[in-house]
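Dear colleague,

I am passing on to you the structure we spoke of, together with some notes for a first look. Please open it below before you read on.

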Amino acid sequence: MRYTLDKLKEQKFFCRGDILVYILIAVITVVVMCVFLIPERQNALERINIYYDNDLVYVFDMETRQGKTASGYENIIAEDYSGETIRVTIVTDKGENVVEIGSSYARMASADCRFADCVRSFPPIKEGGDIIVCLPNKITVTGEGVAVSNEIRL
Amino acid sequence: MKKKLPIILVLPTILLCFLLTSCRSDRPLVYSNPSYFGAALRAVIYCKKDIFSTFAENADILLDNLDKSFNEQHENSDIGRFNASVDGEKIPVGEETYNLILRVKETYTLTGGAFNPCVWYLTDLWGFSSRFSTSAKAETPYDREYSGEYLPLPGQKYVEAFKTLADFDKVLCYEEEGSFYLEKQNTLVTVEGVDYYAKLDLGGLIKGYATEKLALLASSLGIGRGYISYGTSSVVALENSKGKEFDLTLTNPRRSENAPDSFLRTSIKDISVSSSGDYERYYEIDGVRYCHIIDANSGAPVNNGIIAATVICADATFADMLSTALIVMGKEKALEFMASEFVSENGVKIVFALNAGEKYEVYTNMAEDIAITDDRFSLAA
């Protein structure tokens, strides 16, 4: 026993091989921390989709801040980029809706339908899966992205 | 010993990896369906993709079946056939419809008639039935021509006549030799030579019932994290991604440019919540707000000061019915109900907001669990 303790005291704690192993462990630990502890890059809202009568008529990319009207629907969609928020107006045989798109949300700003439930009752779209429906005018607005919030809005 | 040092360090590292892997929350999967009951169903759930696919497929079927059974606009639905019937006709219905109507009858009795699904004609008379969302055409003898944006107020003779149709005791629900029936008795009223019979409107509970059914579906698939909501009416909350509570925010019944979207915040987990209010569907004539919630006793939209009510309890269908009933009750009866043995014994949590003139008062039996987020609202003394 005495011999073993003396031998240990004589030995260097860090040999070259050991240092490599320690570095490897440190690297693995940092990588694991990065992967599992630092949240993934999650865009709550990547795109806003606007449907008319179940047809996708307009897509707005939240990152590039540019919208694109589907072919054949140019005559019902009008975009206004002049203000702080972008306003997309949809005019169809059913009526007129205006969707306001901010930096991190979209909402129905106005609708000419009877009760305007889509303006009053639907909370703004803030993350993937959020949805606003205007039944009378057959307009549906959906958020595409990730549902990241812990909030339930009722 | 020296050679064992790396192993001593490697093992905890592997253990750390394992723990971190097991702690990591998956991204939620979102199911949306805007096709039924005039609102969008949304399920945000944490599960594997194959389980989510099964959930989504079954949810589509389930919602379609609910629509076929309970949507009165479908003439072949149970409720559609009942609404088209006259007094004394036995209308065969499914067992699910029978059981649901029995639950509605229990709530009707419990709330002293404040929750009454027999207000179909009154709802239609005041212009809040679904046909008014899509058409402005006069279709019935009691329809009025639109004056600008809104319907003129209805004639009193129709209000009085349709009040007599709103007697849920005259709707029988029974089982006979293994079959289930709905039947109306002595509901007939005649106005200007036209006969009217009682009709049911399940709009005050169907969203709660749908979330309840989808929560059961989720449970049967082993889904324990996420939530299922139907518009801004009903939600069944499971656990959040970390197995903890969700933050629940309630729509501000008096939203404006300068007021926040919500007026109250609380935390929920493994519970159902339902909200109703005069802010969802309404019109104003001469400064008076006429909302979609009808008081069968007065025959008119409620206007008693309660502008929003929220119920938190284990039963989503009951929560949906009770949130409407509280608004119909008015302040005194709602307070009485909130203090009742039923509420305390069943762990029912209630919040309602009252328009008290210059400010809005919040009444609740869960004051310690809520935070008011709009300065115009305050807890009642």
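**The sheet in chain B**

Strand β4(B) pairs with strand β5 (residues 179–184) of chain B in the antiparallel sense, and the pairing runs over six bridges. Please keep in mind while reading that this is a predicted model. Within the pair, L172(B) has E183(B) in β5(B) as its bridge partner.

These strands belong to an open sheet of three strands, which follow the order β3-β5-β4 in chain B with antiparallel pairing. Because β3 (91–93) and β4 (171–176) of chain B each have a single partner strand, they stand at the edges, and one side of each is left without a neighbour in the sheet. On average, and with direction ignored, neighbouring strands of this sheet are turned by 35° against each other.

**Cysteines**

A search of the whole structure, over all chains, finds zero disulfides. C291(B), for its part, is in no disulfide, and the nearest cysteine sulfur, which belongs to C113(A), is 18 Å away. C291(B) is buried, because its relative accessible area is 1%, and C313(B) likewise counts as buried at 3% relative accessibility; the cut-off for this is under 20%.

**A nonpolar patch on chain A**

On the surface, I19(A), I23(A), V27(A) and V31(A) form a nonpolar patch, with about 320 Å² of accessible area together. One of these residues, I23(A), is found in helix α2 (residues 16–36) of chain A, and with a relative accessible area of 47% I23(A) is partly exposed.

Technical notes: Residues are numbered from 1 along each chain as its sequence is written. Chains are lettered from A and ligands numbered from 1 in the order in which they are written. This is a predicted model: local features need pLDDT of at least 70, side-chain atom pairs count only at pLDDT 80 or more; totals for chains, interfaces and linings use all residues. Side-chain values use heavy atoms; hydrogens and water are left out. Patches are made of residues with over 30% relative accessible area and no salt bridge: like charges are joined within 9 Å, nonpolar side chains (Val, Leu, Ile, Met, Phe, Trp, Tyr) within 5 Å. Accessible areas come from the Shrake-Rupley method with a 1.4 Å probe; for residues, only the protein chains shown count as cover. A salt bridge is a side-chain nitrogen of Lys or Arg within 4 Å of a carboxyl oxygen of Asp or Glu. Helices (H or I, at least four residues) and strands (E, at least two) are DSSP runs, numbered from the N terminus. Buried means under 20% relative accessible area, exposed over 50%, partly exposed in between (1.4 Å probe, protein chains only). A disulfide is a pair of cysteine sulfur atoms within 2.5 Å. Two strands pair if DSSP finds at least two bridges between them. Axes are lines fitted to C-alpha atoms, for helices over the stretch in contact, and angles run from 0 to 180 degrees between N-to-C directions.
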